[in-house]
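Open the structure in your viewer and keep the selection tool ready.

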Amino acid sequence: MKHRFFILYFVSYSSFVIAQFGAQRIITTEADGSRIICAADVDGDGNIDMLSANNFGNNLTWYKNLDGLGNFGPQNIIAPLDTIHVSTADIDGDGDMDVLAVSHLNDLVVWYENLDGLGNFSSQKVISNITDGAYVVIAADIDGDGDMDVISGSDNSGIAWYENTDGNGNFGLARIINSAAPIARSITAADIDGDEDLDIVGSNSGPYVKLSWYENLDGMGNFSPPEVVDTSNFAMYPIYTIDIDGDNDMDILVIAAVSGADKVAWYENDGIGNFGSQIVISDEPIDVWSIYSADLDQDGDNDILATGGGAFDGEIVWFENLDGTGSFGSKNVISIEHQFPRSVIAADIDNDGDMDVIASSQNDDKIAWYENLTILGVGENESSSIKIYPNPTDGLLYIDANTESIIGITVFDVLGKKVLQLQGNKQQVDISTIESGMYFLRIATDRGEFVQKIIKE
């Protein structure tokens with residue numbers, strides 16, 4: 001394989017940063033009852049596009065980021081489907097993003113093939129048509145064979161996974177993880193116990209409130225009975241797995257709601273799946289509907305996004321992780337311009353290396369984004385002699401720090417999720433095990449922090 005060698009130069013800044021967000025920038029006001037949004041490069045041009053599951057409009061749509069600066073094109077309909085959840089993954093292993101969705105009313109778990117890598121999609125491909133009350137669907141390599149399997153949660157069929165039997169998107173029958181998990185409306189896949197395979201975390205809503213995780217016992221998709229994290233009288237939905245306290249294991253972030261007294265909270269993992277008691281980030285009564293986690297202020301730890309509000313008002317807010325160990329500041333309001341906001345995420349919409357915020361709201365059919373205008377407190381700017389090569393690469397990145405001493409290296413994906421972290425004075429980074437795509441490499445040295453885009457081939 002021929003490598004294209006580029007030498008990358010950085011600018012040094014001090015580590016003090018403040019996250020601020022710009023005015024609302026409309027992507028669309030035609031997402032009829034937008035329920036869930038997700039971000040992905042749908043058409044393979046290196047820019048982050050947007051997808052939406054539209055509950056009232058009975059359609060699944062995507063919006064092209066026309067110029068990589070956050071100017072979006074018109075609505076593209078993927079399918080006329082009554083859907084409340086959408087996610088993306090390379091289901092058939094051809095290097096582009098396909099789309100997963102569920103139909104709650106029709107008990108469907110389905111996927112749509114990205115036929116040409118440009119965002120032209122196939123007709124519906126059914127994974128299951130008997131998932132009673134299908135509510136959520138995600139993709140992950142459950143059995144460790146290198147392709148994307150599918151996991152679903154539902155109101156009446158529990159939590160199940162479906163094996164991608166050939167890597168091309170042909171799926172086996174449902175393999176039940178927990179049939180006794182009614183109203184399973186939020187699931188996530190993560191390595192909870194540090195054994196390098198993917199476990200499942202799920203929550204039940206309604207009168208059956210329970211937050212549990214399921215150990216992938218053999219790395220092949222045979223799961224343990226539920227390991228209960230919390231059974232308190234809170235509707236813990238949705239959930240999110242992320243390293244909150246910087247100790248390199250997956251903690252659990254939740255919305256805990258009962259009788260209008262909403263909380264954004266998290267549970268600390270000891271690294272092998274034993275969780276502490278609930279730690280409250282905020283108990284302000286904002287009627288929380290959605291949460292997300294990403295490094296918003298570029299200080300190397302994960303902050304929290306949340307949405308809240310009623311039928312005709314709403315707010316998009318964030319909470320700063322003050323010390324990187326899970327101590328959070330008070331609510332910071334990004335926007336109050338949404339009617340019943342149901343989803344919030346973060347991604348680098350304008351290709352400037354920081355995490356912007358995108359939110360959708362059900363009652364005004366709106367998807368909008370807010371530019372991250374992070375201000376770096378700079379005493380003096382100076383050119384750095386750090387060099388990184390080759391870029392792109394399919395394996396090793398070499399770092400020439402010259403006279404600077406490297407303290408640590410972190411790799412983030414375009415959605416702000418930490419995928420690799422190294423401590424100490426490293427001169428090379430092995431990214432051979434992460435998926436192909438664009439990432440951000442952050443290097444902390446004795447002179448400051450440096451961020452650069454890298455491409456994994």
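This is a predicted model: local features need pLDDT of at least 70, side-chain atom pairs count only at pLDDT 80 or more; totals for chains, interfaces and linings use all residues.

Select Lys64 and Asp43: their side chains meet in a salt bridge, 2.3 Å from N to O. The term means a side-chain nitrogen of Lys or Arg within 4 Å of a carboxyl oxygen of Asp or Glu. Lys64 sits in strand β6 (residues 59-65) and Asp43 in the loop between β4 (34-40) and β5 (49-54), so the pair ties together parts 21 residues apart in sequence. Strands are DSSP runs of E, at least two residues, numbered from the N terminus. Asp43 is buried at 8% relative accessible area, while Lys64 is partly exposed at 25%. Buried means under 20%, exposed over 50%, partly exposed in between, with a 1.4 Å probe and protein chains only.

Residues are numbered from 1 along each chain as its sequence is written, and side-chain values use heavy atoms, without hydrogens and water.

Next, select Asp155 and Arg185. Their salt bridge has its closest N and O atoms 2.9 Å apart. Asp155 lies in the loop between β13 (149-154) and β14 (159-162), and Arg185 in strand β16 (residues 184-190), 30 residues apart. Asp155 is buried at 11%; Arg185 is partly exposed at 24%.

Move to Lys331 and Glu315. This salt bridge has its closest N and O atoms 3.1 Å apart. How many salt bridges are there by this rule? The count is seven.

How values were computed. Helices (H or I, at least four residues) and strands (E, at least two) are DSSP runs, numbered from the N terminus.
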